Amino acid sequence: MMNLLEQKIESLPNSSGVYLFKDRKGTVLYVGKAGNIRHRVASYFQRAGEKDAKTLALLEKVADIETIVTDTEKEALILEDHLVKEHHPRYNIKLRDDKRYPCLRLSIEEDFPTLSIVRRIKKDRSVYFGPYPSATSLKETLKLIRRLFPIRTCRHTKFSNRTRPCINYEMERCSGPCCGKIGPVQYGEIIRQARMFLEGRNRDLIESLKKRMEEESERLHFEKAARIRDQIKHIEKVIEKQSIVSRDFIDRDVIGFHRQDHRAAVYSLFIRAGKLLGGKGFNFSSISLPDEEILSSFLRQYYREDRFIPEQILIPRPIPEKNLSEGWLTELKGQRVHILVPRKGAKRRLLEMAAENAEKFLHREADLEEKKENLLLNLRESLRLGIIPKRIEAFDISNLQGGQAVGSMVTFEDGKPNKDRYRHFKIKTVEGADDYGMMYEVILRRYKKAVEEKKFPDLVLIDGGRGQLNVAQEVFKELGIKGVDLLSLAKARRVGHAETSDEKVFHPQYKEPITLGKQSPLLRFLDQIRDEAHRFAITYHKKVRQREAIHSVLGEIPGIGKTRQRELLKYFGSVEKIKEATLEELGRVPKMTPKSARSVYDFFLSFQPPEKRT
Ligand code: SF4
């Protein structure tokens, strides 16, 4: 006889949609999407005996299945994403990747394009290259390109305020379009060459340079011809050093996978124009899903609108609803994207290389985690804490040179920062340099919320001494919070460069502060958390002050209210860039009309001396 769950599976719809596995208490354990819900769900329970222990552990807990039918598979994909964010199901994998990797942007929509480093890919007319695994490697690439191709480095989008070229022109690092030293056609040729280089079309590039060199020598322009000869030599040297892994110039990500017990690692190799730029690893623990589910979830979480999506993504095994993922990626990129599972040949070898990297990455991460676990255990013992501080929240106040004071909170989970849980606080109730008052406001606001949500950290770390710690204790008492450890970390005192006292840790139950040795890994860890809170507060503080300054300047422009000020700031990022913008660029900003764009343009133009106005 069929049990209730089997009956339920039998009656599931044969259409696209989302399914939710729930336990006996109704808690959502897992959310998945499918082109055919019944097939998909049944595949979990068929041959359950062949599933690994972790998947079985999930299936054993399933007491109910809820489904939501959608008209299209794409809707199912969107709904799944929404439900995962809402329920945080324990068995769905969560990719913690808030980092934006640096890319190169070539602004071909401009008359005189330039190259810049960006971390966000916009749907504009520019061409993007990357991502590069580190900003340092990208800066090196950019430096090299600028040595090879005299592209302008300034941020000007119009050259109305220049009467002569800058030092870059003198150094032959820029061809000087700002002052008519080069016209759009010749400059366009330089951009074409730089693009060929970035696209890996080096042979074509060298051929085209050789042709130009011959033309110049035929015209008896020997100096120019010699310069091109040097350029060719330089490019050839660069090619020798490049790690070429394929000859088809296709941009592809190669996704390696390795699993060990309840852990898995995904390692993505970035291959651009046949060159291996580097890679990035991701680590998942406590997983219960089949490998193909993990890979499928990874792809959906990793690729986003503002991230570079290559033409090809190589994966080690087939994933469910591959066509759906391909369709979604194609839509995101605005160009055809293929997900391939190569079985042999060069592409398979690339996958093996990525898998090897995934395995190494997994072992490294496991070692690190073990060290972190030991560190947290030591922290508990040495600082006499009630529980192991798996989740730590740390606070800092930034009140530089008066103005708007702000507070920050950073969260460390299992010894690592979790940026999703960082918070900013604009100080609302305190004026002047009242550190205690500000700390009181921030801690009160944060933990009032925590009381409502019934979610608390294990340890709260305050930047400061006994006074700041007393403030936090007072708030906890007022709110009736118990069982959360509190500590404050006071900086070492300095006279000149010399430290006259050690850093001290204050504990509510001990009169005397605890001193950890300067070389103590525990102190280094606490310093790291405190410094991160400090960095976060300062960054926010700068942003707030910059925004206020911008709003006050923009507020003077007729027809530019708060909404347009906000949009302009979002689009350009600074007054300097707004000042530099052309009328056309200003008109592209959301909420701007031709009239308001003209108003902004004329406002900044009026500050130019008459001879520079265009
Ligand atoms: S020479 Fe002119 S165009 Fe080139 S970087 Fe300097 S200011 Fe910009």
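Predicted model: local features only at pLDDT ≥ 70, side-chain atom pairs only at ≥ 80, totals over all residues.
User: Where does Leu220 lie, and what is its phi?

Analyst: Leu220 is found in the loop that runs between helix 8 (202-218) and helix 9 (222-241). It is a residue other than glycine with a positive phi, near 65°. Leu220 has 8 C-beta neighbours inside 10 Å and therefore counts as exposed.

User: How does Tyr571 count, with 18 C-beta neighbours inside 10 Å?

Analyst: A residue is buried if 20 or more other C-beta atoms lie within 10 Å of its own. Because Tyr571 has 18, it counts as partly exposed. Tyr571 belongs to helix 16 (residues 562-572). In sequence, Tyr571 and Glu189 are 382 residues apart, while their C-alpha atoms are 29 Å apart in space.

User: What percentage of the residues in the protein is buried?

Analyst: Of the 614 residues, 31% are buried.

User: By what are two packed helices described?

Analyst: As a case, take helix 4 (residues 73-87) and helix 11 (residues 322-333), whose axes come within 10 Å and cross at roughly 80°. Helix 4 is therefore roughly perpendicular to helix 11. Helix 4 contributes Glu73, Lys74 and Leu77 to the contact, and helix 11 contributes Leu324, Gly327 and Trp328. By class, the residues of this contact are three nonpolar, one polar and two charged.

User: At what angle do helix 12 and helix 15 pack?

Analyst: The angle between helix 12 (residues 345-382) and helix 15 (residues 521-554) is about 100°, and their axes are 10 Å apart. Angles of 65 to 115 degrees count as roughly perpendicular, so helix 12 and helix 15 are roughly perpendicular to each other. On the helix 12 side, Leu375, Asn378, Leu379 and Ser382 take part, and they meet Pro521, Leu522 and Phe525 of helix 15. The residues of this contact divide into five nonpolar and two polar, with no charged residue.

User: How many residues surround the ligand, and which are the closest?

Analyst: The ligand is surrounded by 13 residues, with Cys154, Pro165, Cys166, Cys174 and Cys178 the closest. The composition of this shell is seven nonpolar, four polar and two charged residues.

User: Into which domains is the protein divided?

Analyst: The division gives domain 1 (4-87), domain 2 (252-364), domain 3 (391-543) and domain 4 (555-612). Taken over C-alpha atoms, the centres of domain 1 and domain 4 are 51 Å apart.

User: How many helices and strands has the protein, and what box do its C-alpha atoms fill?

Analyst: There are 19 helices and 20 strands. Along the principal axes, the C-alpha atoms fill a box of roughly 85 × 70 × 55 Å.

Definitions and conventions:
Residues numbered from 1 in each chain as written. Domains from an automatic or database assignment. Axes fitted to C-alpha atoms, helices over the stretch in contact; angles between N-to-C directions. Helix = DSSP H or I, 4+ residues; strand = E, 2+ residues; numbered from the N terminus. Parallel < 35°, antiparallel > 145°, perpendicular 65-115°, else oblique. Contact = placed C-beta atoms within 7 Å. Nonpolar A, V, L, I, M, F, W, Y, C, P; charged D, E, K, R; others polar. Near = placed C-beta within 6 Å. Buried ≥ 20, exposed ≤ 12 C-beta atoms within 10 Å, placed from the backbone.
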